Amino acid sequence: MDYQVFDTTLRDGGQREGISYTVADKLAVARLLDEFGVGFIEGGWPGAMPKDTEFFERAKTELDLKHAVLVAFGATRKAGVDVAADAQVQALLDAGTPVVCVVAKSDIRHVERALRTTGDENLAMVRDTVRHLVANGRRAFVDCEHFFDGFRYDPEYTASVVKAAIEAGAERVVMCDTNGGMLPSMITKAIDEVVERTGVTPDRLGIHCQNDTACAVANTVAAVEAGVKHFQCTANGYGERPGNADLFATVSNLQLKLGLKVLPDGCLEKATRVSTALAEIANIAPDTHQAYVGAAAFAHKAGLHASAIKVDPLLYNHVDPSVVGNDMRILVTEMAGRASIELKSRELGLDLAGHPDTLTAVTRKVKDLEATGWSFEAADASFELLVRSELPGAELARPFTLESYRVLVEHREDGTVVSEATVKVRVRGERVIATAEGNGPVNALDEALRTALTGHYPHLQSFELTDYKVRILEGSHGTNAVTRVLLETSDHNREWTTVGVHENIVEASWTALVDALTYGLARTEPAGSAGLAGSASLRG
């Protein structure tokens, strides 16, 4: 590949607040990054971090990389220390990676105040370390820390660090916007001046951008447009402070917008899946609004958009979502028109194109419900049940009918609070009464309803409520406020979300709960066993 995609998720990305990779995590991350097709994976700092030392040792036997090579990261030799006697430099060699990336000071202020040495000694540290690595058969990259700030303060000295590294045999010298304060025009201007001062061609330079100005991706793209062919990123933009240049946005921009081949064939389409998997390993919720790979990246809400998308999806999508492994979604809200409802229904497998009266009825009902606080934007399951309830000729059998429910909350003498729920339902002609306790009213209702239904619907045993969100709607005040509840349910194979709205939080929860069980049973019960193929939402 002409371009070097250098990923530093396991080193720089791991510095994000809240991320703490185990060695097993690091191995899993490396496999996913390799699958995505990056050329280099910076695995960490052996010798300085015991966990990273173990990672490189285990990687020798546990990683079988197809696209990437591992990179060990470290620092130049210490001031006043012979490079062959520097334990940290030796640890880089012991890691056994074909590539080593060393960080060097390139801002004279940091050299004198942080390293407490002279500019000449710092240059010698760079030369000695690079020559030692190359002499031991390693490809050497040099990260010039605080490059852009240093270049603006003393361009002559910062340029001399670049020349020293190149002359010593460094394959790439990476310009680091360590403080993240640059803008694209500043990046381009600095690269032009560095090339002019040093005579180093831009293809020998690299770029590493932090995101403190929210320009890390834009700065990286600007550097590549200026001739740089080595760029460093992290998955999902992970990193300290606001993070780093997002790997997925950067490579997508370069490949889809500039037409540059930066990944092997067939890899870019894995972007969304790999991004999500890496977020799960980091134990960070995926960013739904992340460019290219976020769940909302190609989600459309306005009815005007939907009307155009119905004619040609690319009219309102800047790229085909499938090229990055994503999907277009239509959001159903009070802004929805007939086109939005039709497209969303088709997305769920319900074609309303031949049922104009149903389409009109569903559109009107959505608008009416959303005007009173309902939201189907994140509740596809409830929306599907609503559409099915309006389909012509459907016999909308329900898995049960409610006679009544009751919830009691007991504060006991020992300070514990227990909720007890009793439900009375009719299931397939049988009247069933069930009582259960829970740690809250909704949990108790859920347990009681499951107890009542499980004998008729054994599949309920696999259902699990995985998330419960409550929102007091804007414009509502005090104890009379209208409450919206979103429930996320899973059967360990798929997840679905339902919604309920009411002045009473228990009733709102009950509505969402009933929709959750109704929808789940419609998907798991054998056809005809409960007559649920066209089941309706039970909100009435």
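A disulfide is a pair of cysteine sulfur atoms within 2.5 Å. I start my notebook with that cut-off. The model I am reading is predicted.

**Entry: cysteines**

I searched the whole structure for disulfides and found zero. I then looked up C176. C176 is in no disulfide, and its nearest cysteine sulfur, that of C144, is 6.9 Å away. Is C176 buried or exposed? With a relative accessibility of 6%, C176 counts as buried. I also checked C267. C267 is buried too, at 2% relative accessible area.

**Entry: aromatic pairs**

A pair of aromatic rings is described by the distance of the centres and the angle of the planes. How many aromatic pairs does the structure hold? I noted 11. I looked up two of them in detail.

One is F147 with F151. Their ring centres are 5.8 Å apart and their planes lie at 10°, so I log the pair as stacked. Both residues sit in helix α6, which spans residues 147–153. They are four residues apart there, about one turn of the helix. F147 has a relative accessible area of 0% and is buried. F151 is buried as well, at 4% relative accessibility.

The other is F463 with W496. Here the centres are 5.4 Å apart and the planes are at 80°, so the pair is edge-to-face. Where do the two residues lie? F463 is in the loop between α16 (441–453) and β14 (464–472), while W496 is in strand β16 (residues 495–502). The pair therefore ties together parts that are 33 residues apart in sequence. I found both F463 and W496 buried.

I also noted an aromatic cluster. It is formed by F6, F40 and F141.

**Entry: lysines over rings**

I looked for charges over ring faces. K26 lies over the face of F55, and the distance to the ring centre is 5.3 Å. K229 lies over the face of Y3, at 5.6 Å from the ring centre.

**Entry: a nonpolar patch**

Next I turned to the surface. Y468, V470, I472 and I505 form a nonpolar patch there. Together they have about 330 Å² of accessible area. Which element gives the most to the patch? I noted β14, with three residues. Y468 lies in strand β14. I read a relative accessibility of 34% for Y468, so this residue counts as partly exposed.

**Entry: positive phi**

R116 has a phi of about 55°. R116 sits in the loop between α4 (108–113) and α5 (119–135). R116 is exposed, at 73% relative accessible area.

N283 has a phi near 60°. N283 is placed in the loop between α11 (271–282) and β9 (299–300). N283 counts as exposed, at 71% relative accessibility.

**Entry: salt bridges**

Side chains of opposite charge can pair when their charged atoms come close. How many salt bridges does a search of the whole structure find? I logged 22.

E62 and R58 meet through their side chains, at 2.9 Å from N to O. They are four residues apart in helix α2 (residues 50–62), so about one helical turn separates them. E62 is partly exposed at 34% relative accessibility. R58 is partly exposed at 28%. A network of salt bridges links E54, R58 and E62.

E240 and R241 form another salt bridge, at 3.6 Å from N to O. I read 32% relative accessibility for E240, which counts as partly exposed. R241 is partly exposed, at 45%.

E437 forms a salt bridge with R412. Their closest N and O atoms are 3.4 Å apart. Which parts does the pair tie together? E437 lies in strand β13 (residues 430–438), and R412 lies in the loop between β11 (401–411) and β12 (417–427). The pair therefore joins parts that are 25 residues apart in sequence. E437 has a relative accessibility of 47% and counts as partly exposed. R412 is partly exposed, at 30%.

Notes:
Residues numbered from 1 in each chain as written. Predicted model: local features only at pLDDT ≥ 70, side-chain atom pairs only at ≥ 80, totals over all residues. Heavy atoms only, no water. Phe/Tyr/Trp six-rings, centres within 6.5 Å; stacked < 30°, edge-to-face > 60°. Buried < 20%, exposed > 50% of the residue type's maximum accessible area, 1.4 Å probe, protein only. Lys NZ or Arg CZ within 6 Å of the ring centre and 35° of its normal. Patch = residues over 30% accessible without salt bridge, like charges linked within 9 Å, V, L, I, M, F, W, Y side chains within 5 Å. Areas by Shrake-Rupley, 256 points an atom, 1.4 Å probe, with all protein chains shown as cover. Salt bridge = Lys/Arg side-chain N within 4 Å of Asp/Glu carboxyl O.
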